[in-house]
Amino acid sequence: YAQQVVSHAASLTVARLTEAFQWIINELIDTDLTLDFMLDDSTPFFAQCTPTKSFPNRAITIYFGLGCIPVLVGIANRLLHMQKAGPIALEAEMQGRSSTRLPAEKWHPKTNPVGVLYYDYGNERDTSTSTADAALLIFFHEVGHALRGHSWISPGNNDSKAAHRRSLESDADWCAGYLFMKYTLLNLSEEDRLD
């Protein structure tokens, strides 16, 4: 069952990433920035934004490793389960205490990345859709680096490398949230808009 859920989540994730990439490409027509997108099915997780051309016609390749899908499935499933179990169970989990409402099998990102699956229903928020949303946020974070020109911003004289990196990552996080919301709102059906 876990393999079917991970496979379904991966398929949905790839479809949504491809759609989102096409949306970004369409928005970049007539700009000086060109993006390319590469999916990798190797086991380790990675996402990165790599410049391939500099000014005046910038080009960037965004790489996204699908090795994160089982971990994202496990996290999404665990969060949905905690949400359903209620705030006391969530607080106990966050403090490292066990709760009788949560699955007995301990979730661990390396040894048990999927965990016990409970949420994979067709007509409501489920593990697969939450996994695809998490992947979209990671993707939009890398797109944020590209759109904001982070590869070409050098640290100031008074900035440490760590402070410079934190500011770029924070900016990319903000951009990811903005792009995610804009993309989501653009793709809502009329029925969802009414809700």
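This is a predicted model: local features need pLDDT of at least 70, side-chain atom pairs count only at pLDDT 80 or more; totals for chains, interfaces and linings use all residues.
Two rings of Phe, Tyr or Trp count as an aromatic pair if their centres lie within 6.5 Å, with the six-membered ring used for Trp. By that rule, Phe21, Trp23, Phe37, Phe139, Phe140 and Tyr183 form one aromatic cluster.

**The whole chain**

Show the chain as a cartoon. It has six helices and three strands. Followed along the sequence, they come in the pattern α-β-β-β-α-α-α-α-α. Of the 195 residues in the chain, 38% are buried. Switch to a surface view: the accessible surface is about 11800 Å², and carbon and sulfur atoms supply 55% of that. Among contacts with a separation of 6 or more, 68% are between residues 24 or more positions apart.

**The aromatic cluster**

Select Phe21, Trp23, Phe37, Phe139, Phe140 and Tyr183, the members of the cluster, and show their side chains. The structure as a whole has nine aromatic pairs.

For another pair, select tryptophan 174 and tyrosine 178. Their ring centres are 5.6 Å apart and their planes are at 10°, so this pair is stacked. Both residues belong to helix H5 (residues 161-186), where they sit four residues apart, about one turn of the helix. Tryptophan 174 is exposed, with 57% relative accessible area, while tyrosine 178 is partly exposed at 44%.

**Salt bridges**

Next, colour the charged side chains. The structure contains four salt bridges, and three of them are visited here, starting with arginine 16 and aspartate 133.

Select arginine 16 and aspartate 133. The closest N and O atoms of this salt bridge are 2.9 Å apart. Arginine 16 is in helix H1 (residues 2-27) and aspartate 133 is in helix H4, so the bridge ties together parts of the chain 117 residues apart in sequence. Both arginine 16 and aspartate 133 are buried.

Now select aspartate 32 and arginine 58. They form a salt bridge in which the closest N and O atoms are 3.1 Å apart. Aspartate 32 is in the loop between H1 and strand E1 (33-40), and arginine 58 is in strand E3 (residues 58-65), so this bridge ties together parts 26 residues apart in sequence. Aspartate 32 is partly exposed, with a relative accessible area of 31%. Arginine 58 is buried, at 11%.

Go back to helix H5 and select glutamate 169 and arginine 165. Their side chains form a salt bridge with an N to O distance of 3.6 Å. The two residues are four apart in helix H5, which means that about one helical turn separates them. Glutamate 169 is partly exposed, with 23% relative accessible area, whereas arginine 165 is exposed at 55%.

**A buried glutamate**

Which side chain of opposite charge is nearest to glutamate 142? That side chain is arginine 165, 8.1 Å away. A salt bridge requires a side-chain nitrogen of Lys or Arg within 4 Å of a carboxyl oxygen of Asp or Glu. Glutamate 142 has no salt bridge, yet is buried.

What does the side chain of glutamate 142 reach? Show the backbone around cysteine 49: the side chain of glutamate 142 reaches the backbone nitrogen of cysteine 49 at 3.2 Å. Then select Ala47, Gln48, Cys49 and Ile62, which glutamate 142 contacts once neighbours within four places in sequence are set aside.

**Last stop: lysine 110**

Finally, select lysine 110, in the loop between helix H3 (87-94) and H4. Lysine 110 is exposed, with a relative accessibility of 74%.

How values were computed:
Residues are numbered from 1 along each chain as its sequence is written. Side-chain values use heavy atoms; hydrogens and water are left out. Buried means under 20% relative accessible area, exposed over 50%, partly exposed in between (1.4 Å probe, protein chains only). Lys and Arg count as positive and Asp and Glu as negative; His and the chain ends are not counted. A polar contact is a pair of N or O atoms within 3.5 Å; within protein, one must be able to donate a hydrogen and the other to accept it, and residues adjacent in sequence count only if both atoms are side-chain atoms. Contact means heavy atoms within 4.5 Å. Rings of Phe, Tyr and Trp (its six-membered ring) pair if their centres lie within 6.5 Å; planes under 30 degrees apart count as stacked, over 60 as edge-to-face and the rest as tilted. Accessible areas come from the Shrake-Rupley method with a 1.4 Å probe; for residues, only the protein chains shown count as cover.
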